[in-house]
Amino acid sequence: MMELEIELKKASDTLKAWDTTSISLTAGCDLFMRYVTRTSALEFEDFNSAKSRVLGRAEKFGEISNKARKIIAMLIQDFIFDGCTILVHGFSRVVFEILKTAAQNKKLFRVLCTEGSPDKTGVLLAKELAKLDVPVKLLIDSAVAYCMEEVDMVFVGADGVVESGGVINMMGTYQIAIAAHSMNKPVYVAAESYKFARLYPLDQKDLEPALRPIDFGVPVPPKVEVERSARDYTPPQFLTLLFTDLGVLTPSVVSDELIQLYS
Amino acid sequence: MDPPSRFLHSVPTRFDSPDRLRFHHFSFPQLPLPRHDSSSAAASAVSPSSFSYSTAATSPTASPGRVSRGSFSRFSFASSLPGVGMDSMAAATSSSVPASGLTTVSVVNMPPPPGLSEKASGVGVQKSSKPLKEKTTKAERRALQDAQRAASKAEGGKAPLVSSGSVASANVKAAKPAKPSSQENDVAVAAAGPSEKDRKKDAPHPRMQYDDESRVVKAKRRAVVKQTEAKNRVELFRHLPQYEHGTQLPDLETKFSLLDPMYPAVYKVGLQYLSGDISGGNARCIAMLQAFQEVVKDYSTPPEKTLNRDLTAKISSYVSFLIECRPLSVSMGNAIRFVKNRIAQLPITLFESEAKAALQSDIQRFISEKIVAADKAIVRHAVTKIRYGDVLLTYGSPSAVEMVLLQAHELRKKFRVLVVDSLPKLEGQLLLRRLIKRGIDCTYTHINAISYITHEVTKVFLGASSVLSNGTVYSRVGTACVAMVASAFRVPVLVCCEAYKFHEREQLDSICSNELGDPNVISKVHGRGDINYLDGLTNNANLQFLNLMYDATPSDYISMIITDYGMVPPTSVPVIVREYQKEHLLV
């Protein structure tokens with residue numbers, strides 16, 4: 001049994017090493033290990049029954065993760081009222097699932113999509129939403145504060161949810177959250193529970209850097225530095241609610257969940 | 001013992017002032033460890049009289065300073081002591097000295113202390129009373145009791161210390177001229193039952209409100225340490241105890257020989273609290289637990305008693321003594337709860353030696369897991385937050401933060417430290433000295449400069465006496481100020497606190513629960529004799545001094561709390577308190 005756990009740990013480490021910057025990968029692996037090994041396999045004399053039990057839990061974990069998006073989409077439906085305007089940032093599959101479900105439920109709402117440069121992920125999302133016949137408006141990232149007054153709520157996904165209750169997400173989320181907070185617009189984060197990570201950043205630089213190349217379209221002079229970070233950290237005071245497969249949570253509950261999971 | 005020595009750093013520097021020097025030599029004589037011989041209990045009534053405080057006892061008017069430097073006497077001095085009707089007994093039994101052994105006589109003959117803890121006298125008297133009392137019935141005892149009460153009332157109270165020495169042990173029952181409190185009478189005469197009840201009522205509630213007159217009077221009667229209440233008190237803080245400092249120590253020292261049932265280790269710890277030699281949540285807690293370990297080691301169940309109840313009662317009496325020396329800190333309160341819990345959970349079927357061994361190992365485990373290991377975990381988490389080029393601010397002398405800084409330095413991280421300090425305690429200087437010795441770059445300033453220096457600070461590390469359920473950090477006075485200024489400058493504030501110090505109560509301000517220190521200390525500046533503007537004004541009706549020891553920092557100013565459970569936001573404290581209690585129940 002110990003051998004199996006060691007093998008699992010090795011596999012998990014290899015997976016994590018593949019992309020050290022991905023928080024959800026790390027968090028997911030850690031949580032999987034905890035979830036699976038939480039069963040006191042030692043209580044089973046028979047190795048085979050212990051193994052099958054571990055397998056069963058592993059499959060359940062996979063199912064939960066898959067179903068998570070559906071659960072979240074269902075939970076958030078009550079918050080989308082007819083005639084509302086939703087601001088989204090970048091392309092998050094969870095958020096897309098939410099909007100798809102809402103469209104299927106024949107709700108009337110409008111979506112403002114930020115461009116999500118430099119990856120232009122926002123444009124992709126706009127295309128998908130247009131296919132669903134949802135009214136979409138594209139904006140450049142700098143136009144967020146300008147449009148904030150007509151927005152009713154902000155939906156964002158998350159790369160990782162940290163112990164303080166804050167989220168790590170695509171670059172730009174923090175400034176949207178600040179603008180929304182200053183104008184009293186709620187910011188809702190949709191994240192599966194396996195993204196809960198045992199990190200506690202104090203500021204932006206406290207994160208593992210995740211850099212990606214940025215193409216400005218024009219050549220950049222060699223002496224000029226470029227800020228290449230791909231994500232930022234939004235502190236919990238700017239977030240209103242977290243929608244997870246564990247339910248609708250306030251940011252402070254994240255730490256409680258983590259303590260219970262990890263102790 | 002190695003681990004706790006870290007926490008006793010305050011001891012050396014106290015010796016600098018000549019006033020304090022006398023306490024340096026304050027150490028207990030190397031007595032043979034008391035053996036509890038219930039059979040010889042009645043006979044050997046020697047114990048405390050043979051302890052070192054004989055010099056004080058001989059000259060009750062001797063200056064306080066002389067006491068501790070007196071020669072440490074043994075049995076030979078017993079004769080010079082007052083209240084030694086057991087003198088003959090002392091000579092007779094040169095056997096080992098039971099610490100809580102019988103000094104029935106001394107108890108009886110000692111008038112002034114506004115009442116020994118009844119448990120103490122109760123225990124002592126009981127042992128001797130048992131063989132003598134078998135024959136009397138309850139009615140007779142009641143009658144005797146009433147007669148004595150009347151007699152004491154007639155006497156009007158105090159008999160001088162020395163003269164009562166003439167009362168021989170045989171006259172225990174008859175001659176009780178100086179029983180100031182009728183409660184003592186009750187205990188002296190009654191059988192085991194009532195005194196148990198008294199014992200339970202005895203320990204003053206740790207957070208007693210001192211503005212309730214009747215309660216205060218009752219507490220004073222039970223008190224072991226004679227405390228004179230301060231005259232000039234701030235109205236807002238009337239619910240907190242405030243005593244004249246400086247009168248307690250010598251008073252306590254003279255009484256030591258008469259405080260028979262007080263275990264020497266506990267007594268020593270109490271005096272160290274009183275004089276300020278041990279300060280800081282961890283140090284006080286560890287010292288107290290180690291004293292309790294010794295108590296358990298030398299404990300033996302009196303006949304017809306269960307270990308659980310009797311030992312718990314004993315611990316309660318020691319705790320009430322410690323409270324009188326200095327109000328309990330939250331860390332101590334939680335540790336005491338743990339110890340009592342463990343005692344209560346001991347199966348009745350265990351042999352005494354097994355039970356004692358189990359208890360001792362439990363206490364040892366508490367210290368090593370909840371304090372020492374917890375500190376290591378905190379250090380491990382906290383050093384990850386220290387980055388290259390950081391400027392760290394710390395206030396006072398928190399033991400956990402010091403460990404973090406030293407460890408970060410070991411790991412070759414480059415950072416510098418800003419130590420903020422404040423009068424009157426100047427605890428920051430202790431920390432400063434230790435950091436500089438290790439070669440850490442330090443800056444030192446006082447708290448009035450905090451808004452000036454905070455702009456260059458990147459992180460603030462603070463310690464805590466306790467963290468309460470609503471996320472409020474209860475810590476040395478001045479901490480709230482530092483946290484608020486840091487918050488205004490958007491500097492993250494990290495509080496390092498072991499989980500055993502968390503408490504489920506909630507506090508909204510620094511007033512409802514606090515500790516008042518010696519007010520006279522504020523009117524002077526240590527080392528600056530020329531600043532004497534307030535001399536002669538200390539008793540002026542228009543001037544009140546307020547020396548608060550703790551303050552409460554609201555959770556909004558705290559970014560993160562680092563505990564042995566990991567790094568948590570202040571909102572998660574109730575979860576940790578819950579988890580912590582669950583652990584205890586399972587253990």
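The model is predicted, so local features need pLDDT of at least 70 and side-chain atom pairs count only at pLDDT 80 or more, whereas totals for chains, interfaces and linings use all residues. Residues are numbered from 1 along each chain as its sequence is written, chains are lettered from A and ligands numbered from 1 in the order in which they are written, and side-chain values use heavy atoms, without hydrogens and water.

Helices (H or I, at least four residues) and strands (E, at least two) are DSSP runs, numbered from the N terminus. Helix H3 of chain A covers residues 47-76. Its 30 residues should span 44 Å, the expected span being 1.5 Å times one less than the number of residues. The end C-alpha atoms of H3(A) are 43 Å apart, which agrees.

Burial is defined by relative accessible area: buried is under 20%, exposed over 50%, and partly exposed in between (1.4 Å probe, protein chains only). The buried residues of H3(A) include Ala50(A), Val54(A), Phe61(A) and Ile76(A). The buried residues of this helix pack against helices H2 (23-37) and H4 (93-104) of chain A. They also pack against strands E4 (153-156), E7 (187-190) and E9 (241-244) of chain A. Contact means heavy atoms within 4.5 Å.

Most residues other than glycine have a negative phi, and most peptide bonds are trans. Two cis peptide bonds are described here. The bond from Ser117(A) to Pro118(A) is cis, with omega near 5 degrees. Pro118(A) sits in the loop between strand E2 (109-114) and helix H5 (121-131) of chain A. In chain B, the bond from Leu423(B) to Pro424(B) is cis, with omega near -5 degrees. Pro424(B) belongs to the loop between E2 and helix H20 (428-437) of chain B.

Positive phi values also occur. Lys106(A), not a glycine, has phi near 60 degrees. It lies in the loop between H4 and E2 of chain A and is exposed, at 68% relative accessible area. Arg490(B) has a positive phi of about 60 degrees. Arg490(B) lies in the loop between helix H22 (479-488) and strand E7 (493-496) of chain B, and is exposed at 73%.

The whole structure holds 30 salt bridges over all chains. A salt bridge is a side-chain nitrogen of Lys or Arg within 4 Å of a carboxyl oxygen of Asp or Glu. Asp203(A) pairs with Arg387(B), the closest N and O atoms being 3.5 Å apart. This pair crosses between chains. Asp206(A) forms a salt bridge with Arg387(B) at 3.1 Å. That pair, too, crosses between chains. Asp203(A), Asp206(A), Lys385(B) and Arg387(B) are linked in a network of salt bridges. Asp203(A) is partly exposed at 28%, Arg387(B) is partly exposed at 27%, and Asp206(A) is buried at 19%.

Within chain B, Arg434(B) forms a salt bridge with Glu402(B) at 2.8 Å. Arg434(B) lies in H20 and Glu402(B) in helix H19 (residues 399-410), so the pair ties together parts 32 residues apart in sequence. Both residues are buried.

Asp421(B), in strand E2 (residues 415-421) of chain B, is buried yet has no salt bridge. The nearest side chain of opposite charge, Arg476(B), is 8.7 Å away. Lys and Arg count as positive and Asp and Glu as negative, while His and the chain ends are not counted. Beyond its neighbours within four places in sequence, Asp421(B) contacts residues including Tyr395(B), Tyr444(B) and His446(B).
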